[in-house]
Amino acid sequence: MLSVCAVEARDKPNIIFILADDLGYQDVGFNGSRWFETPHLDALAKESVVFDNASMYPTCSPSRAALFTGRHSFRTQVYTVPVLEKGKAADNLYSRWTVEEKHPFYSQPLRSVGYQLIHLGKWHVVGPYPERELDYPFKKKLGTPGSGDMSWVERHKREYVERFYPEGRGFHKNVGGTFWGDPARGYKAGYKSESGGYKAPFKNPFMQEGEEGDWLTDALTDEAIRFMKENKKKPFFINLHYYSPHRPSVATSSDALEKYQKKVLDVGTGQSAQVTKEMAAYGTMVENLDMNIGRILDALDVLGVRENTIIVFTSDNGYNGIQSFTQCLRGSKGQIYEGGLRVPALVHWSGRYKGARVDENITVLDYFPTLLEWAGVEDYKSMLDGESIVPLLEGGSLGERALFWHIASNYKTPANTVMKKGAWKLIQFLKTGEVELYHLVDDPLEERNLAKSHADRAKLMLDEMESWREKHSVPLPESSISNPKKDDE
Ligand SMILES: [Ca+2]
């Protein structure tokens, strides 16, 4: 009986889920940039299914909570990065940082069917003080220890907090994952430190310290390759969630920095001729990330497991407006316009899927059910909000789906619900009730709000959005125009 199970487990594909942090849709060559240098990804994209309309949430925390659980923000109560939230309590449902145990992570069912799993890099789905998150909803936003304050470390290695770490969620190993949203947190000077946590010493208490000159992204890749070698005979799952290229923007070398500072204007994307030092440094980090993806691909070839390994590559939200630019999309990280939501996304399985570009909408919620299908998990009973994208990978369609984002706290955009259906996108701001309607094919820059000129379409979509909120009892901030409690006042 044991040997039968072993054979079945070995036949499952290996999966590598590579998540970049804050990498914009057009910060890669395969989506039209002539400024960024991503030769390995561009070559991979030619043999992959590339998604042109893959959307996440506009910030890290809600994207990662939704990715791991396959559930909407209002279920995990993670709407925005907690420390970034702005404004009065009445205008916000303040976010959790720690995802509660009642929401299973995809790593748990994958482990149950025989995968060997490692998480590397940014985790961010546990808060610094989970014990302060018991009394929900919160009266004020959550806080965080200052940069360089390591007083939380020992507490996080104990039982109560450990359960919210990768090993408590089904992974066999964690390298570098903690509550940190960026790697500079070990340094008192934070973003102003020369290292930024990218250059050793990393000061990350959840991974082995590097030697002078080591680069964090390279070190995480080394650990991923080691794990592949150790587990090449078993199905492995590598959750390679790089910290890079999130701020702080640290140049990989002075030569690389100089190269990006001398770049000429890319006419297509508008990526700049007068580049800031920050953007040049970010360019070096994107190039380094791409080089590391090349290393992963080479390792798969050397181990002879490429044919049976699925690679997902994407980013957790749009580009940070301080680090990058495109003239082809509106807005950036933190905003619900396409520059904030849309990310590069590809799926590669050389043994199975042909290279193609897909324009159907997919969201962060679709990965969990897709992973279950790849892993052959047939008896998963827990609730999921997305759909497997396997039909799209095989040249089919998922039909015209209504997709939703509910962001009930304020950061760069006031609290809102967003709905996409085909090329149409409706935004309702919760406090004012103001509505914006865009046709993303005719108007990719979201410059023409059609809410008045296409009032019938806007009403139809608003009705569908309100029914969706009603059906799922989606909570609203106290000051929301649609909040029934507000009407009673
Ligand atoms: Ca991010």
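Which residue of E9 is the bridge partner of Phe313? In this predicted model, local features need pLDDT of at least 70 and side-chain atom pairs count only at pLDDT 80 or more, while totals for chains, interfaces and linings use all residues. Residue numbers start from 1 along each chain as its sequence is written.

The partner turns out to be Leu346. It sits in strand E9 (residues 345-348), which pairs with strand E7 (residues 309-315) in the antiparallel sense over four bridges. Strands here are DSSP runs of E, at least two residues long, numbered from the N terminus, and two of them pair if DSSP finds at least two bridges between them. Zooming out, E7 and E9 belong to an open sheet of eight strands with mixed pairing, in the order E5-E4-E6-E1-E7-E9-E2-E10. Strand E5 (173-175) and strand E10 (356-358) are its edges, each pairing on one side only.

There is also an open sheet of three strands, again with mixed pairing, ordered E8-E3-E11. Strand E3 (residues 54-55) runs parallel to E11, and two bridges join them; in E11, Ile362 is the bridge partner of Ala54.

As for domains, the assignment (automatic or from a database) gives domain 1 (2-399) and domain 2 (414-488). Their C-alpha centres lie 29 Å apart. Twelve residues of domain 1 are in contact with 15 of domain 2, contact meaning that the C-beta atoms, placed from the backbone, lie within 7 Å.

Note on methods
Contact = placed C-beta atoms within 7 Å.
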